[in-house]
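Hi there,

My notes on what turned up in it follow below.

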Amino acid sequence: MWYLCVFYHRLLDYRKPEVEALAELFGGGGSPGSHHRLRWKLPEHHHPDSPFHFVDFPSEHIARSIANRSILVKGIYEVWGEGSSYEELEEAISCYPEERKSPYLVAGSTFKVNIDSFGKAVSSGVQQERIQRLTFIPFKGRVDLRNPQHKFWLMETDDYGSNNGLPPVVQKTVFFGREVGTGDRKLLPMYQLKSRKYLGPTAMDAEMAFLMANQGLAAPGKLVYDPFVGTGSILVAAAHFGAMTMGADIDIRVVRDGRGPDCNVWSNFKQYGLPEPISLIRADNNLPPWRAGLQEVVFDAMICDPPYGVRAGGRKSGGRKLLKGGVEPYTVPDDKRAGHIPSTAPYSLVECVHDLLDVAAKMLVMGGRLVFFYPVLREEEVAETEYPEHPCFRLVASCEQILSFRYSRVLLTMVKIAPYTEDIAETARKMHLDFKENHLKWLEEGNLHSAVFMPIDLLSDSSGDSKLWKESKPKYRGKYV
């Protein structure tokens, strides 16, 4: 059945992928890893960036479950009628099947009518006028403004064209429908970073962490792993949705010490009353600690934000002298192991992502999800961004978040579709070498930080002309959303 899905006007690239991920989680998006997608359609005369979209859900229960879990869905509604005027709306509602309307209009029930609009504010006087125009609907129940059994919504968009800095609307549209479910963004203020006990420079903001957890299908009974756990922001979001969590980081001071016994990664879980991680380990993504035979039986999802050199650069075990052969491998004496901090060396993004894909291919269950951020320079000369690939995975979503006019980050969601074998490992190695030879140079040399922060007059090509940067997406009211 078709429902009206109304989104918040933000993070536009993330809206549909989040709903599709939750549809799979709640049984409405096909089997794990399948090509089945929800069917979408735009209301007539609406821009693709409009918050109003029709979507075909298998059942009302699934639609309600998605709405209640989603971060970017404002509400999902059963539309009784729509039109470009209130006369057309009345005609559409009168034509809607009586058997669909009558259970919600009976005597003894309670109801409330809400007024909403996109792109303009509606005064209380105008709201009362709008409600009075709905007297043709035969409500037999009693009005209850505090705790009604049934909530109805009258929503409209004005024909403002493109003059108010929002997605253009060329014709006024009025919707009337019954509320099926609404999103709950109240958890975002509760989990906001400014009130968190233990923070680091790369802590993921609450909204994005919850979106990543939804893309990873975090749920009770599932085990979620973050190989770059840091202060645990992503695992906190996964634990909120009931998942078991586990994390690793190369910096032992982060996972073991923090800033003291009452200010560490564990403190963040205690602060919100969440189950603590199964384990937090000191581990190197380049030299993972897992047994060779431990495959396909461990993690349901890997969700992470790899270090790509803007706020913090990647590190791997070994140290420069050891990796260059300047010193021989050594064993730390027993009396110095307690306070020993292993030496590390720079870890390029292209190598980091290759190792991440390889570990995920080994450790994820079939149908498990790998969710991670990948940085992109927004140069105009780059026609289409190429993302790392692996024969064990299929890319199901790529969601761009523009951070500045020079670079953005893309949330990649991959689903494991094939078991890890020696033949696949060799194919993956060749794909990695091919990608390494053809990718942009800043991935290997770690120059993303320079590309992002260098003065514009120093960023020029061989002819002396300054580089051009993409304006691939529209701004709304002066900013990317």
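**The largest pocket**

Helix α9 gives three residues to the lining of the largest pocket, which is the largest share from any element. Before I go on, please keep in mind that this is a predicted model. The elements that contribute two or more residues to the lining of this pocket are α8 (233–240), α9 (252–257) and β17 (407–416). Sorted by class, the lining has 23 nonpolar, 12 polar and 12 charged residues.

**Enclosed spaces**

How many cavities of 30 Å³ or more are there in the whole structure? The search finds three. The largest cavity has a volume of about 60 Å³. Its lining is made up of Tyr225, Pro227, Ala248, Ala283, Asp284, Asn285, Pro288, Pro289, Trp290 and Val359. By class, that comes to eight nonpolar residues, one polar and one charged.

**A strand with two partners to look at**

Next, have a look at strand β12, which covers residues 299–304. Five of its six residues are buried, so β12 is largely enclosed by the rest of the structure. Strand β9 (residues 223–226) pairs with β12 in the parallel sense, over two bridges. In that pairing, Val224 has Ala301 of β12 as its bridge partner. Strand β15 (residues 364–377) also runs parallel to β12, and the two pair over five bridges. Here Phe299 is bridged to Leu364 in β15.

Helix α1 (residues 15–25) is largely enclosed by the rest of the structure, because nine of its 11 residues are buried. The buried ones are Arg15, Pro17, Glu18, Val19, Glu20, Ala21, Leu22, Ala23 and Glu24. Just after α1 comes Gly27, with a positive phi of about 90°.

Helix α7 (residues 206–215) holds Asn214. Is Asn214 buried or exposed? Its relative accessibility is 0%, so Asn214 counts as buried. The side chain of Asn214 makes a polar contact with the side chain of Arg69, at 2.6 Å.

In helix α3 (residues 86–95) you will find Glu87. With a relative accessible area of 53%, Glu87 is exposed, since the cut-off for that class is over 50%. Glu87 and Arg133 are 46 residues apart along the chain, and 9.8 Å separates their C-alpha atoms.

**Cysteines**

Finally, a word on the cysteines, in case you were wondering. A search of the whole structure finds zero disulfides. Where do Cys95 and Cys392 stand? Cys95 counts as exposed because its relative accessibility is 62%. Cys392, on the other hand, is buried, with a relative accessible area of 0%.

Happy to go through any of this with you on screen.

Best wishes

Conventions. Residues numbered from 1 in each chain as written. Predicted model: local features only at pLDDT ≥ 70, side-chain atom pairs only at ≥ 80, totals over all residues. Heavy atoms only, no water. Disulfide = S-S within 2.5 Å. Buried < 20%, exposed > 50% of the residue type's maximum accessible area, 1.4 Å probe, protein only. Helix = DSSP H or I, 4+ residues; strand = E, 2+ residues; numbered from the N terminus. Pairing = 2+ DSSP bridges. 1 Å grid on protein atoms, 1.4 Å probe; cavity = no way out; pocket = protein on both sides within 12 Å on 5 of 7 lines; lining within 4 Å. Points joined across faces, edges and corners; volume = space filled by probe spheres on them. Nonpolar A, V, L, I, M, F, W, Y, C, P; charged D, E, K, R; others polar. Polar contact = N/O pair within 3.5 Å; in protein donor to acceptor, adjacent residues only side chain to side chain.
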